[in-house]
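Dear colleague,

Please find the structure below, handed over for your reference.

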Amino acid sequence: MKKVLTGNFAAAYGAAAARVKVIAAYPITPQTTIVEIMSEIVADGLLDADFVKVESEHSALAACIGAQATGARTFTATSAQGLALMHEMIHWAARDRLPIVLANVNRALAPGWSIWADVTDSIAQRDTGWMQMYCENNQEVFDTILMAYKIGENENVLLPTLINLDAFFLSHTSQVVDMYDQDTIDSFLPPYRPKFKLDVNDPRAFGALTSPEHYYEFSYKIQMAHQKAKEVITEVGKEFGRTFGREYGLTESYRCDDAEIVLVTYGTIAGTAKDAVDRMREKGIDVGLLKIRYFRPFPEEEVCQILKHAKKIGVIDRAVSFGHEGPFFSEIKAAMYGSNIPLYGFVAGLGGRDVSIADIESVVNYMGNNESSNLIWIGVKK
């Protein structure tokens with residue numbers, strides 16, 4: 001079945017298709033319709049789940065942590081200041097190794113007060129231990145939520161996942177989304193059966209005081225889980241392809257095989273960049289695109305393999321690390337250390353500013369006429 005869905009509806013239907021058992025809900029624009037549609041799904045008896053209305057985003061994630069610790073598959077959603085308010089519990093979920101899935105509608109942080117897109121909110125959670133992925137379109141939102149549970153619940157991973165979709169460009173924009181047969185989804189994603197959980201008949205404790213004797217090793221194990229997650233993400237992506245006809249990986253390469261200039265970006269900018277690449281190819285410009293799907297774990301090996309033959313690399317960020325450069329650019333630069341390929345770091349689209357095909361063509365034009373630079377602002381009004 002095909003449905004015309006906004007990104008928020010795709011997220012809600014994805015969580016429902018995953019048969020989550022607990023949904024913790026608190027509204028914030030532009031995320032609100034995700035939890036609204038889930039409340040209707042539960043109220044109409046279409047999903048056997050507890051819908052928990054809480055008093056803040058901090059409480060929403062706390063409710064998911066408690067429910068997940070008892071062995072329930074959980075889901076919540078938020079945006080911007082809401083994600084920032086969750087920060088304490090974001091750390092708790094990762095260090096408790098709870099595979100919660102959280103849909104974050106990327107929204108610029110205030111002030112100035114904004115409800116439009118950039119990814120500063122999720123980048124601020126970069127070092128918390130969560131897996132992070134960025135969606136290009138609404139189909140990817142739906143599909144990735146299903147895969148996120150299967151990946152996170154793998155006994156070699158046991159990590160929570162932040163699914164990111166750009167505010168309004170996806171959250172409130174309608175696209176055609178393939179909806180799969182529920183029996184097939186159930187076969188792909190069986191019920192959550194954790195090895196360890198809170199159980200009155202088998203008492204255990206989670207998150208207790210930890211001395212220096214063990215805390216160091218807990219951190220090491222989270223890092224090792226991210227390393228193992230790369231393999232699991234690849235395996236689950238291939239299984240998803242065999243089951244539903246769409247294969248996903250840590251990255252996506254588009255016309256990179258013979259490209260002299262390779263652009264690197266993520267989220268909705270990647271979709272526009274594909275159109276820009278096609279247009280520039282028609283003009284005889286050898287350009288390709290590397291889309292980063294997973295920011296954590298960072299796909300360093302794949303990045304190096306795809307980019308090693310490029311003559312120039314340009315990274316387009318919808319965020320900036322103030323006092324430094326674009327965050328994805330920093331990661332690409334570190335991965336390509338020692339390659340001697342000129343690297344260009346671009347920042348564009350902050351606060352929901354549109355990034356057009358013409359903007360992306362201007363990026364390639366800049367790369368052709370200027371020396372490499374770590375921080376180039378696109379479209380700044382003088």
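Leu-289 lies in strand S11, which covers residues 287-292; strands (E, at least two residues) and helices (H or I, at least four) are DSSP runs, numbered from the N terminus. The model is a predicted one: local features need pLDDT of at least 70 and side-chain atom pairs count only at pLDDT 80 or more, whereas totals for chains, interfaces and linings use all residues. Residues are numbered from 1 along each chain as its sequence is written, and side-chain values use heavy atoms, with hydrogens and water left out.

Leu-289 counts as buried because its relative accessibility is 1% (buried means under 20% relative accessible area, exposed over 50%, partly exposed in between, with a 1.4 Å probe and protein chains only). Not counting residues up to four places away in sequence, Leu-289 is in contact (heavy atoms within 4.5 Å) with several residues, including Tyr-254, Cys-256, Val-262, Leu-263 and Val-277. Gly-14 is 275 residues from Leu-289 along the chain, and their C-alpha atoms are separated by 28 Å.

Turning to the cores, the largest nonpolar core has 59 residues (such a core is a set of buried Ala, Val, Leu, Ile, Met, Phe, Trp, Tyr and Cys residues joined through side-chain atoms within 4.5 Å). Val-20, Met-38, Leu-47 and Phe-75 have the most contacts inside this core. A second, separate core consists of 25 residues, among them Ala-259, Tyr-266, Phe-298 and Met-336.

Two helix pairs may also be of interest. Helix H1 (residues 7-17) packs against helix H2 (residues 32-43) at an angle of about 45 degrees, and their axes are 8 Å apart (axes are lines fitted to C-alpha atoms, for helices over the stretch in contact, and angles run from 0 to 180 degrees between N-to-C directions). H1 is therefore oblique to H2 (angles under 35 degrees count as roughly parallel, over 145 as roughly antiparallel, 65 to 115 as roughly perpendicular and the rest as oblique). Residues of this contact include Phe-9 and Tyr-13 of H1 and Ile-37 and Met-38 of H2.

Helix H3 (residues 57-69) and helix H5 (residues 87-95) pack at about 15 degrees, with their axes 8 Å apart, so H3 is roughly parallel to H5. In this pair, His-58, Leu-61, Ala-62 and Ile-65 of H3 meet Glu-88, Met-89, Ile-90, Trp-92 and Ala-93 of H5.

Yours sincerely
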